[in-house]
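Hi,

Here is the structure I promised to pass on. Have a look at it first, then read my notes below.

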Amino acid sequence: MKKKFLNKNYTCVAVSKTKPEKSIKELYDFGYRHFGENKVQELVIKNKNLPKDIHWHMIGHLQTNKVKMVVPFVYLIHSVDSLKVLSKINKESEKIGKKTNCLLQMNISNEESKYGFSINEIKEIIINNELNNFNSIVIKGLMGMASFSDDKLLIKNEFKNLKNLYELIKSNFESNNNNIDFNTLSMGMSSDYAIALNEGSNMVRIGSLLFGKRNY
Ligand SMILES: *Cc1c(COP(=O)(O)O)cnc(C)c1O
């Protein structure tokens, strides 16, 4: 089971939130190099204590006042859910001469509680060239979470919509935006990764299947 998500067809981000460093080290020894966290403090401490060749992914909602703590070392921020936070990431990246890789988090489930842009919002932002001024970020793709549901068809359709948007942006807007460089579609978690991969995901975020259940 632990080796299941190590393969060449897609990247698995092992979601280690709330899990101790020794569990991360165990998966590291299996060959995992991509790990994801959703809290800045936890991410910062784990980055400090664990091997330097780990690629750290920020997958949780990011407050602007914490951006500067993660920008220096983060590999990819999946959870860009507003222009405000994107602007802050850009500013902090510029300060240290780094280009930070980001995904735009899309709200594909229409569940009230989920963060992210709507599809119409993002189309408007891109058509109006609102991303062009951010010279210290690179938008590598999109991230989305499907509804928390047993309805496989619903989940499948939500992923399909995200994949369509991904392809639309890639084919229409990449060439005239120098900070759009799509290669990553982050969709799929423990409960729905198989559906996501079928719908064209190339990055899954797997927590409980690799680390066991979380206690919250
Ligand atoms: C916790 C989390 C995951 C992993 O969830 P599992 O169901 O344990 O695989 C994936 N993505 C995000 C954004 C998360 O917060």
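**Rings, charges and cysteines**

Tyr166 and Phe182 are both buried. Keep in mind as you read that this is a predicted model.

Let's stay with the rings for a bit. A pair of aromatic rings is described by how far apart the centres are and by the angle of the planes. The count here comes to three aromatic pairs. One of them is Phe35 with Trp56, a tilted pair with 6.1 Å centre to centre and 45° between the planes. This pair links distant parts of the chain: Phe35 belongs to strand β2 (residues 34-37) and Trp56 to strand β3 (residues 55-58), with the two 21 residues apart. Phe35 and Trp56 are both buried.

Back to Tyr166 and Phe182: they form a stacked aromatic pair, 5.1 Å centre to centre with 25° between the planes. Here too, distant parts of the chain are linked, as Tyr166 is in helix α6 (residues 152-173) and Phe182 is in strand β7 (residues 180-187), 16 residues apart.

Which charged ends sit over rings? The charged end of Arg33 sits over the ring of Tyr28, 3.5 Å from its centre. Lys4 has its charged end over the ring of Phe5, 5.9 Å from the ring centre.

Last, the cysteines. A disulfide is a covalent bond that joins the sulfur atoms of two cysteines.

Cheers

How values were computed. Residues are numbered from 1 along each chain as its sequence is written. This is a predicted model: local features need pLDDT of at least 70, side-chain atom pairs count only at pLDDT 80 or more; totals for chains, interfaces and linings use all residues. Side-chain values use heavy atoms; hydrogens and water are left out. Rings of Phe, Tyr and Trp (its six-membered ring) pair if their centres lie within 6.5 Å; planes under 30 degrees apart count as stacked, over 60 as edge-to-face and the rest as tilted. Helices (H or I, at least four residues) and strands (E, at least two) are DSSP runs, numbered from the N terminus. Buried means under 20% relative accessible area, exposed over 50%, partly exposed in between (1.4 Å probe, protein chains only). A charge sits over a ring if NZ of Lys or CZ of Arg is within 6 Å of the ring centre and within 35 degrees of the ring normal.
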